[in-house]
Amino acid sequence: MIRQYYPILIESLQVILVLLGGPLLVGWVRMLKCWTQGRRSAGLLQPMRDVTKLFVKETVLAENASWIFRSTPYIVFGATLMAGAIIPVVSADLPLAATADIIALVAIFALARFFTALAGLDTGTAFGGMGTSREMMVSSLAEPAVLMSVFTVSLVSHSTSLSHMVHELTTVSFVLRPSLAFALLAFILIAIAETGRIPVDNPSTHLELTMIHEAMLLEYSGRHLALIEWASMMKLFLFASLGIALFLPWGIAGIDDPGMLPVALVALAVKLALTGVFIVLVETGLSKMRIFRVAEFLGMAFLLASLGMLSYFILE
Amino acid sequence: MSEKIQSALKAFGEKGSVEIDGAVKGAAAYSVQADLFAHAGRVLKEEGFRLAAEWASDETPFGRGFAVHAVYASAGDYLIIKTEVPRDEPSFQSLTKYFPAASRFERQINSLMGIVPEGHPDLRPWIKHEDWPVDAWPLRKSFDGNEPMPRMSGDYQWVMAEGEGVFEVAVGPVHAGIIEPGHFRFQAVGENIINLETRFGYVHKGIEKRFEALSWNEAVKLAGRVSGDSTVAHTEAFCVAAEEASACTPPERARYIRAIMMERERIANHLGDIGAICNDTAFAFLHYQFSILREKVLRTNKAIFGHRLMMDSVCLGGVTKDISIAGIDLMLEEARSVLEEFERLIKIYENNPSQEDRLYNTGVLTPEMAKLIGAVGFVARSSGQNMDVRRDRQYAPYDTHALVVPVLSSGDVHARAWVRVEEVRESYRLIKEFIGSLPAGPIAAGWNPPLPGASGFSAVEGWRGEVIYWVSCGPGGNINRCMVRDASSVNWLSIEQAIHGNIVPDFPLCNKSFNQSYSGHDL
């Protein structure tokens, strides 16, 4: 009986984890940040409260907003949740992971970004246009780098299916692989850019002129904004767990191993907490870089990813 | 009279005569014929003077027409040139040919007093917006400030840029942060700014007009509210002008206490600004740490002077609050703890390459441009202009306590931050010196209204820079006209110049490094 429903159960668990994990991770990062700056924090649940508050607030639409603007929040939220359904967060035995591989995953994120960019242009404000042009600059540089980085992992695990990759990496004995080290470094740089964290973008700024991601969202309010904010919190969670799944998969429950699930959950919490500490250390020690430096920064990520791939062929 | 002024008068004298204007106290003052007003400007420009302020006054209560005044400065010398303007079809010769700073002063005179500057290339209204009737001139005596006005509609002619890929970004007047309102319009190609046009006036409160309806003691309070962050500087500048006009000398102790308060205001604002600059580069850690230091200073202010910003602590003839022995101990203790923490934070600020990358070579105001505009205060000092009213004018107690004026020449965001770092150190040193030689005695002298027709001029170094007041007494012993010139009135011109060649996302950082007052400018 339980065997029969196990795939559905694990998939639902995963989706709930992603939905709640996003706001919790962001709350954790903000908490740590407050502590490092000598402030009192608003607590772990504040991002969740913010989202709930936005859901009950009135949604204001610009007069000339088209269907693109109105449907984008749902597309972005849906795409992100979809991505959440295929990244093995706690178990490699994820039924939906078979439907899409890592290339499709990158494409799903690109779809969300594509519609956000269109929505930024849709209302015709100067800020939306500026944000879109900047976001496109960042993504055009980040996407090749992210593909290079995950391909290195694919080479090591001989697959592009996430479920298979994680299974492969957890079952082989631990070997220090220079290719994976390079790919991990590249992945960290890209994740910072993709999730709009310091030093690439500043998620907590109020200065419209300096924004990248937020500039596209300035016209959003109410439930639309809630969905987009929630999606971007989930995105941070997903990039963190994707990094964990690809580079530190130990602890993730293997195929046909439901007994490992509680351990996997604890391991995930610990790893995410440490990721949060890492994010805060970077954000406390660095200023946001000048926008044209982002090209150099992502160029560096691409270079590292390429080195990872080369070292796989040369050394392994 | 200083040699500079004598030489200027000699150069001027070749063309016509100047008359000493004996009614003005606090600065050398002369009146010239209307047709020599611009000539005087040209001569003074050649002699190395800058235009510090230009304003008009309505002399109806004395049975005359209008008068236009220009004050020129060179080091510590201030020279006021006045010309009479007839009541019918009033106009005067524009000084814009010689001084770019005259541009906005004269637009303001045109908008608010209705006197036309002849030869001015840009007569769009300034401060007064298009929903005012064109012929409502609030500074004229015939204008009743209590009467409601009809709301008009009109368009403001913005500077336009055309070309392939040029687009406009309009920011403000309402901003995302809790800051004052001002409109910034960028013409940009991609991220590169090709032009910035600023527009202010959104917080025009009619302060100069209001002064004329108040008693002298009420006026002191109003001066303290021109710009809340420089309340001590403005109150002191107003009081000094009024004291000059009525030949009142505040006691020594009062002057020391005023100076201590001025330095404390400087420290508090500089601390806040250095932190705010860090916040704009997303280096939030330093922002909060500097906020804590500023808060410490404000709390000490509250304990000693009864107000966090030390509002209403300066009065005509002296100060309202004395400093007790306990207050001195409190200040010394604060100086020790704040300075220690300050130096630690400055080390972090200095040793952060990512911070350095953002601040160096951003928003450069060249020394030539700063001189041409006539910038003042820390903005001028970070662009190679060696000026500080405290040192140059040697008003008490700075006449007996030498101060070091930091001057940097790079004119970028870093320079504007670093001049402030040096000034915080210097101000704390000065405060300790002042405390060490604080004279005993009364804290205020009796003050009587000036004689009708007399006027007083003052220039003091606020934390933003030179604050100038000129106040004249009417026939009934009341205030006939009070001219306020905050450092912002000239320094706002410099941001339009400093932003050339920068990218749009660097503007907030540049703007923060100037941090000029909107309220002090709009009045």
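In this predicted model, chain B splits into domain 1 (3-118) and domain 2 (207-516). Taken over C-alpha atoms, the centres of the two domains of chain B sit 27 Å apart. Where they meet, domain 1 of chain B puts in 23 residues and domain 2 of chain B puts in 28. On the domain 1 side, strand 2 (24-25), strand 4 (50-58) and strand 6 (77-85) of chain B are the elements giving two or more residues, and strand 4 of chain B gives the most, with seven. That side of domain 1 of chain B comes out as 16 nonpolar, three polar and four charged residues.

Next, a helix pair in chain B. The axes of helix 8 (residues 284-305) and helix 9 (residues 325-350) of chain B come within 10 Å and cross at roughly 170°. Since angles over 145 degrees count as roughly antiparallel, helix 8 of chain B is therefore roughly antiparallel to helix 9 of chain B. Residues making this contact include Phe290(B), Leu293(B) and Val297(B) from helix 8 of chain B, and Val338(B), Phe342(B) and Leu345(B) from helix 9 of chain B. By class, the helix 8 to helix 9 contact of chain B has 13 nonpolar, three polar and three charged residues.

As for the two chains, their contact draws 28 residues from chain B and 22 from chain A. Helix 8 of chain B turns up here too, and along with strand 9 (166-171), helix 10 (353-359) and helix 16 (507-514) of chain B, each supplies at least two residues of the side that touches chain A. This side of chain B divides into 16 nonpolar, six polar and six charged residues.

Chain A has a mean pLDDT of 89, with 98% of its residues at 70 or more.

Technical notes. Residues are numbered from 1 along each chain as its sequence is written. Chains are lettered from A and ligands numbered from 1 in the order in which they are written. This is a predicted model: local features need pLDDT of at least 70, side-chain atom pairs count only at pLDDT 80 or more; totals for chains, interfaces and linings use all residues. Axes are lines fitted to C-alpha atoms, for helices over the stretch in contact, and angles run from 0 to 180 degrees between N-to-C directions. Helices (H or I, at least four residues) and strands (E, at least two) are DSSP runs, numbered from the N terminus. Angles under 35 degrees count as roughly parallel, over 145 as roughly antiparallel, 65 to 115 as roughly perpendicular and the rest as oblique. Two residues are in contact if their C-beta atoms, placed from the backbone, lie within 7 Å. Ala, Val, Leu, Ile, Met, Phe, Trp, Tyr, Cys and Pro count as nonpolar, Asp, Glu, Lys and Arg as charged, and the others, Gly among them, as polar. pLDDT is the predictor's confidence in each residue, from 0 to 100. Domain bounds come from an automatic or database domain assignment.
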